[in-house]
Amino acid sequence: MTPEEKLAIEERVITMLKTVYDPEIPVDIYNLGLIYKIDLADDGALNVDMTLTAPSCPAADFIVEDARIKLESVEGVKSVNINIVFEPEWNKDMMSEEAKLDLGFLD
């Protein structure tokens with residue numbers, strides 16, 4: 001896989017992550033800052049480190065499965081491994097400016 005191909009796949013991965021929502025928050029997981037790492041291997045294996053807004057998030061299984069199914073559909077991705085991590089602990093400063101605006105954290 002060339003660097004250009006890898007970049008194009010990673011861009012499609014990010015676009016797809018922006019379609020995954022926590023059902024309790026009207027902002028996608030990418031803009032919420034829940035995605036810590038996207039690592040695409042040359043063989044198409046995708047590893048994603050992500051967190052949740054809270055360790056006891058009741059929608060955790062739904063969010064992870066939704067992300068996995070959507071990422072598996074991205075052209076160029078052969079397999080998906082999602083790791084849930086809690087270090088560093090998520091906080092609202094990790095959100096994009098767009099997400100902060102949507103949720104009323106910016107005036």
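Analyst: Contact means heavy atoms within 4.5 Å. The model is predicted: local features need pLDDT of at least 70, side-chain atom pairs count only at pLDDT 80 or more, and totals for chains, interfaces and linings use all residues. Residues are numbered from 1 along each chain as its sequence is written, and side-chain values use heavy atoms, with hydrogens and water left out.

User: Which residues does Asn47 touch, not counting residues up to four places away in sequence?

Analyst: Asn47 touches Lys37, Ile38, Asp39 and Asn81.

User: What makes the pair Asn47 and Asn81 a polar contact?

Analyst: A polar contact is a pair of N or O atoms within 3.5 Å; within protein, one must be able to donate a hydrogen and the other to accept it, and residues adjacent in sequence count only if both atoms are side-chain atoms. The side chains of Asn47 and Asn81 are joined at 3.0 Å.

User: Why is Asn47 called partly exposed?

Analyst: Buried means under 20% relative accessible area, exposed over 50%, and partly exposed in between (1.4 Å probe, protein chains only). Asn47 has 26%, so it is partly exposed.

User: How do you know that the length of helix H2 agrees with its 13 residues?

Analyst: The expected span is 1.5 Å times one less than the number of residues. For H2 (residues 60-72) this gives 18 Å, and the end C-alpha atoms are 18 Å apart, therefore the two agree.

User: Which residues of H2 are buried, and which are exposed?

Analyst: Ala60, Ile63, Val64, Asp66, Ala67 and Leu71 are buried. On the other side of H2, Asp61 and Ile69 are exposed.

Methods:
Helices (H or I, at least four residues) and strands (E, at least two) are DSSP runs, numbered from the N terminus.
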